[in-house]
There are 2 protein chains.
Amino acid sequence: MPPFDVPEGDPFGPHNLPYGVFSPAGSTERRVGVRLGDHVLDAGAAAAALGSPYVSLLAQPTLNPLLAAGRTAWSDVRRALTAWVTVPSHRSAIEPLFHPLSSVTLHLPFEVADYVDFYASENHARNVGQIFRPDAEDSLTPNWKHLPIGYHGRSGTVVVSDTDVVRPSGQRKGPGDPAPVFGPSIRLDIEAEVGFVVGVPSEQGRPVALDDFREHVFGLCLLNDWSARDIQAWEYVPLGPFLGKSFATSVSAWITPLEALDHARVAPPERTYPLLPYLDDSAPGIEPGGYDLRISVAINGHVVSEPPFSTMYWTAAQQLAHMTVNGASLRTGDLYGSGTVSGPEEAQRGCLLELTWNGRDPLELPDGKRAFLEDGDVVTMSAWAPGADGGRVGLGEVSGRVVSV
Amino acid sequence: MPPFDVPEGDPFGPHNLPYGVFSPAGSTERRVGVRLGDHVLDAGAAAAALGSPYVSLLAQPTLNPLLAAGRTAWSDVRRALTAWVTVPSHRSAIEPLFHPLSSVTLHLPFEVADYVDFYASENHARNVGQIFRPDAEDSLTPNWKHLPIGYHGRSGTVVVSDTDVVRPSGQRKGPGDPAPVFGPSIRLDIEAEVGFVVGVPSEQGRPVALDDFREHVFGLCLLNDWSARDIQAWEYVPLGPFLGKSFATSVSAWITPLEALDHARVAPPERTYPLLPYLDDSAPGIEPGGYDLRISVAINGHVVSEPPFSTMYWTAAQQLAHMTVNGASLRTGDLYGSGTVSGPEEAQRGCLLELTWNGRDPLELPDGKRAFLEDGDVVTMSAWAPGADGGRVGLGEVSGRVVSV
C-alpha cells in the first residue's frame, strides 16, 4: 500500500526513514523528525498521538536517547514508524504532523561525544602519498594495509549541513619561506566522507568485536571533513592533523539507520595481506562490511566528483573493532568518519588535493578555475544506495558555504 | 584568623581550596566539594546553609555550571568560600558539612568536552627526537619552536585518579618482525603533565587572544597521559598517536583554580625565534604565562622523577591562543594537557621512555628493574606550587594502577 503522498521510487520513501532533529517554522524547540519525501514527520508527536511506548525515545530534543536504546529498540521503532506512515487507518492522525522540509530548521541531530577520523581509501592514501612523498618507494606507509589508520578530531566543531564555514587562519610555511607566515588559509579543501554514529556504549577495557558492529552503530551520515592543506602541511609532523582540520566538520542533518541499507551491503576489496584476527572479516560467519554508497560532490551546483564508497579498503566494522581493541570505550554519540572516499578514476577523487593534484591541475568550473576553495563557494555532497527491487535509498546531503574570516 | 582545624602551612589550607566532586560515605549522590586539609566541604550544602546565591553553581553533580559561570563568578565564589571556612561566626554552620577525605568517593570532577594534548617541553621533545630520530640534524622538528604542537585525544576515556588502567592490547612491529604482531603492550609508559580546564566557551570562527586566557580557563589539574609506546610507534605515521594513547588518561580529582596560583606565575623560557603576534607573549601588557609547579612522579611509592613545570617552552595561554586561532570554538569542560613535563636534568624527565632511554637503562626500583610499567605498578604524580609568604599550594595527586587485560 502506498505511503502518504510520496511518489513511487522516491529515494526518501517509507523504505528509508532517516532521523533528524528539527524546529518547526516559527519555533526554536527541537524535536526528533523522520524524513518522508520532502516532508518531516514530528516523530514524538506521532508517537504521542498513537499512544506509542516509543514516545520517551522520540519526544526528545536530540537523537541520543534513541541512539542509546540499542538494536532491538531501533528495529521496533523503525517498524512502528513504517506502519505510521503507510497504514491508511493512521492517516488522519499522522498527516497533520508532517511539516514541509522547506519550512523547518534542521539541527545537529545528536550530541557528538568523541569524533575520530580514519584514512581508509587506498586510492586516496596512494594519491596523497604520491603528492607529498613522491620519492617514497611505496606511496602507502608500511602500516596502512595492516590497520585502519585514524586519529581523533574536534567534536565541538562538528556542525550540521548548511552551517557557514569561516575560512580558518593559521601558520603556513612554503619551501621558500624563511619563517612561517600567518593568514587565512589559501589551500582550503574538502574531504568527502561517510560518518558512522555510535549508539550503544561499551565499557573501558573491553574491545568491541568485529561482528558486534551492528549492536553498537546506529546509522550513517555524509560528512565533509574541511581541511586547510597549508596549515596541515606545516603542523602535522610528528603528531598529526590539528588546526588544519579542527575549525569545522560538517555532517548531514539526516542519519540513515543501518537497517535502511541492508540491500547496499557489499564485500570489501580483497585484502593484500592476511589480517590479524580482530580485523579479519574473511572469517566464517562475519557479514560483509562494505556499503555501496554512490556519492556525488558538487561545487556551486557543478558536480566535480562521484566517489564510490564500495571501494573503501577498511570497513566501518573494522574501524570500530580497531578503535576499541586497546580497551577504549564507546559513548552514545561517538562519530567516526571513514576518511576521504576516492575511487580509482580521476573523476572519483574525494578532495581537491587529489582532484587538482595539489593545485597543479585546477578544475574548470562554469564560474572559473579552482585549485582550492574560494570564499562564497558552496560545497554539497549527496549520495544514494541501492534499495530493494532496483530502488534507491537517499542519504541526506551535507552542504556548506565558505565565508571569509 | 586560623582556618577551621587546618594546621598552619598545610598545602591544602584556605589559600588553596581546590574543587572536586565527591559522594559521601554510603551514598552515590555526586556533590561539589572543596578540599580543606584532609577534609572535603560539601560546598552546595554550605551555600544552602548560609543562604548564599551561589547555591545554584555549587549544589550540582559536576563542576560544569561553575566552570561556565565565568571569571567574576569564579572570584566571587572563591571569596565566599574563603570566608565560610575561616570566619569564626560561620563555624557552627559549616563544620558539620565537612567529610573526612578518606571517607568519600571522588569522581571525575567535570564532564570532559574535547581533550587536546600538547608537546610543549623542549627537553622532552629533544629527548624523544634523539631516541627516535638519532640521525636527524636537529632533534626538534622544524615547526617546534614556531607553534605549540598538539593533537586531539579521546575525551571519553579520561578517568579520575585512582581508576585502574587496563593494559591495552594492540598491534606492534619490531624492526625484525616480518609482520605486525598482536598482544598486550610491552612498553606501557606514563607522561607527567598538567591539564588545563576550560570554563567559558567561545564562538566558532572567533579566536581567543593570548591575554584572554584567564577569562576562559578556570584552573588546572595533574594529568597522566598513559602511553603504549609499542602501539604508538607502529601506528603514528602519518596521522599521529591514536590507540597508543586513547585507552586512558588520568586526571587528579581536584581542580586548582588559577587564582590560587597567582604567586606561582613565572616568565617562560626565552624564545629562540620571534613569535607570530598571536603567540607573542613578550609584547607589552601580556602577563607572564608560566607556572612554577614542582611535580613529583613515584612508582609504587618510590620517587623516580621531579619534573619542573616552569621549564615548559610553551605556556597554557599560548596553547589556548593557538588551539583557537583557526576559529575552533571552546566548550565548557574542554581539557588540554601541557605535554610531558621534562626538565633539563635526568632526574627531571617526565616519562619512562626518557628516564630509561627507551628501555636501554632500566630504573632500579626497590622491587626490581623497570624499563616500562609492569602489571600491578601504581604510578602517582603529585605537585606543589609556591604560595604567599613561603607557603605551598598543593595540587591534588593523580594516581593509577596498571592491571592486566
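Let me start with B:R154, which forms a salt bridge with A:D334, and in this predicted model the closest N and O atoms of that pair are 3.0 Å apart. Across the interface of chain B and chain A, the rule finds 2 salt bridges, of which this pair is one.

The size of an interface is often given as the accessible area lost when the parts come together. Here chain B and chain A bury about 5,100 Å² between them, with 61% of that area on carbon and sulfur atoms. As for the residues in contact, 54 come from chain B and 54 from chain A.

Now to the pockets. The largest has a volume of about 610 Å³, and among its 29 lining residues, A:P238, A:L239, B:R133, B:Y236 and B:V237 lie nearest the centre. By class, that lining comprises 16 nonpolar, 5 polar and 8 charged residues.

The second largest pocket, at about 470 Å³, is lined by 21 residues, and those nearest its centre are A:E111, A:V112, A:G156, B:A113 and B:R331. Its lining divides into 9 nonpolar, 8 polar and 4 charged residues.

Finally, an unreviewed UniProt entry places a "Fumarylacetoacetase-like C-terminal" domain at residues 116-402 of chain A, a stretch that is 12% helix and 30% strand, with its end C-alpha atoms 23 Å apart.

Technical notes. Residues numbered from 1 in each chain as written. Chains lettered and ligands numbered in written order. Predicted model: local features only at pLDDT ≥ 70, side-chain atom pairs only at ≥ 80, totals over all residues. Heavy atoms only, no water. UniProt positions renumbered as here; feature names shortened; annotations may be inferred. Helix = DSSP H or I, 4+ residues; strand = E, 2+ residues; numbered from the N terminus. 1 Å grid on protein atoms, 1.4 Å probe; cavity = no way out; pocket = protein on both sides within 12 Å on 5 of 7 lines; lining within 4 Å. Points joined across faces, edges and corners; volume = space filled by probe spheres on them. Nonpolar A, V, L, I, M, F, W, Y, C, P; charged D, E, K, R; others polar. Contact = heavy atoms within 4.5 Å. Buried area = accessible area lost by both parts, 1.4 Å probe. Salt bridge = Lys/Arg side-chain N within 4 Å of Asp/Glu carboxyl O.
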